[in-house]
Amino acid sequence: MSEMTSRVREILSSLPAHVTLVAAAKTRSCEEVIAALDGGVRVVGHNYVQEADAMISRLGPHAATWTMIGPLQRNKAKWAVRLFDSIQTVDSLRLAVAIDRHARSLGRIMPILIEVNVGREPQKAGVRPEDLPPLVGEIAALSSVRIDGLMTMGPWVEDPEDLRPIFRETRALLDQLATDPSLGAPPHVLSMGMSSSYRVAVEEGATMVRLGTSLFGPRS
Ligand SMILES: *Cc1c(COP(=O)(O)O)cnc(C)c1O
């Protein structure tokens, strides 16, 4: 068993059963991703549509569940809808409308997460918390996307403890959404926490963590 495979197993066994591990595969090779799958990873996240396409062509669509975790341009929405099983980075109605249109033309419902900029950082992707309820209302009216929950990145911090209030606020936003009658099924997915911060995120209610460095090692 490779070193990486055993690292993946260790991380997986440390996570509570209700938390999904997403392997953040940007810049990683197919071989690295295969080693992660051997270790028990089931969900692979990608930031770039083109790289994901190459990887999915090689590994096959059924090798994993593929989720988009990077910023998505509207002109790549069609490509992304074809490739991915879900999209975590929806932060505008225009993007949601594009995803909805392409999903409908393929006869499918696209599961999405809304990305929230809880840290209110300028120039960062994500909808601001105060803009979330109206955006959710508008997206809920689209028939071929389904809001499964929220995703957040959080600001860069030295000490992951400093992200605890951000994660806590994101959890509160999800709990609020879960009471929204315009949503068919209550959204339940909370994608937050990366290599340095996922333990704090899990304590604050993450149901999905996105790990790159701690799974694959430092990027070369
Ligand atoms: C790269 C990336 C991650 C993983 O980051 P690490 O710190 O390497 O674990 C998680 N989420 C997103 C959106 C990323 O781009």
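Q: How do you know that the span of helix 5 agrees with its 13 residues?
A: In this predicted model, the end C-alpha atoms of helix 5 are 18 Å apart. At 1.5 Å a residue, taken times one less than the number of residues, 13 residues should span 18 Å. The two values agree.

Q: What is His102 in contact with, leaving aside its neighbours within four places in sequence?
A: His102 is in contact with Ala77, Lys78 and Val81. The criterion is heavy atoms within 4.5 Å.

Q: Which residues of helix 5 are buried, and what do they pack against?
A: Leu95, Ala96, Ala98, Ile99, Asp100, His102 and Ala103 are buried. The buried residues of helix 5 pack against helix 4 (77–83) and helix 6 (132–140). They also pack against strand 4 (86–90), strand 5 (110–115) and strand 6 (145–151).

Q: What makes Met4 count as buried or exposed?
A: Met4 has a relative accessible area of 9%. The limit for buried is under 20%, so Met4 is buried. Met4 is placed in helix 1, residues 3–14.

Q: How far apart are Met4 and Phe216 in sequence and in space?
A: They are 212 residues apart in sequence. In space, the C-alpha to C-alpha distance is 6.6 Å. Leaving aside neighbours within four places in sequence, Met4 is in contact with Phe216, and also with Glu32, Ala35, Ala36 and Leu215.

Q: Which residues of helix 2 are buried, and what covers them?
A: In helix 2 (residues 30–38), the buried residues are Cys30, Val33, Ala35, Ala36 and Leu37. Their cover includes helix 1, strand 2 (43–46), helix 3 (49–59) and helix 9 (213–216). Gly40 follows helix 2, with a positive phi near 115°.

Q: Why does Thr27 count as partly exposed?
A: Relative accessibility of Thr27 is 46%. Buried is under 20% and exposed is over 50%. The value for Thr27 falls in between, so partly exposed is the term.

Q: How do you know whether the radius of gyration agrees with a compact globule?
A: With 220 residues, a compact globule would have a radius of gyration near 17 Å. The protein chain has 17 Å, so the value agrees. The C-alpha trace spans about 50 × 40 × 30 Å along its principal axes.

Q: What makes up the protein chain, and what share of it is buried?
A: The protein chain has 9 helices and 8 strands. Buried residues make up 52% of its 220 residues. Among contacts between residues at least 6 apart in sequence, 59% join residues at least 24 apart.

Notes
Residues are numbered from 1 along each chain as its sequence is written. This is a predicted model: local features need pLDDT of at least 70, side-chain atom pairs count only at pLDDT 80 or more; totals for chains, interfaces and linings use all residues. Side-chain values use heavy atoms; hydrogens and water are left out. Helices (H or I, at least four residues) and strands (E, at least two) are DSSP runs, numbered from the N terminus. The radius of gyration is taken over C-alpha atoms; the globule rule is 2.2 Å times the number of residues to the power 0.38. Buried means under 20% relative accessible area, exposed over 50%, partly exposed in between (1.4 Å probe, protein chains only).
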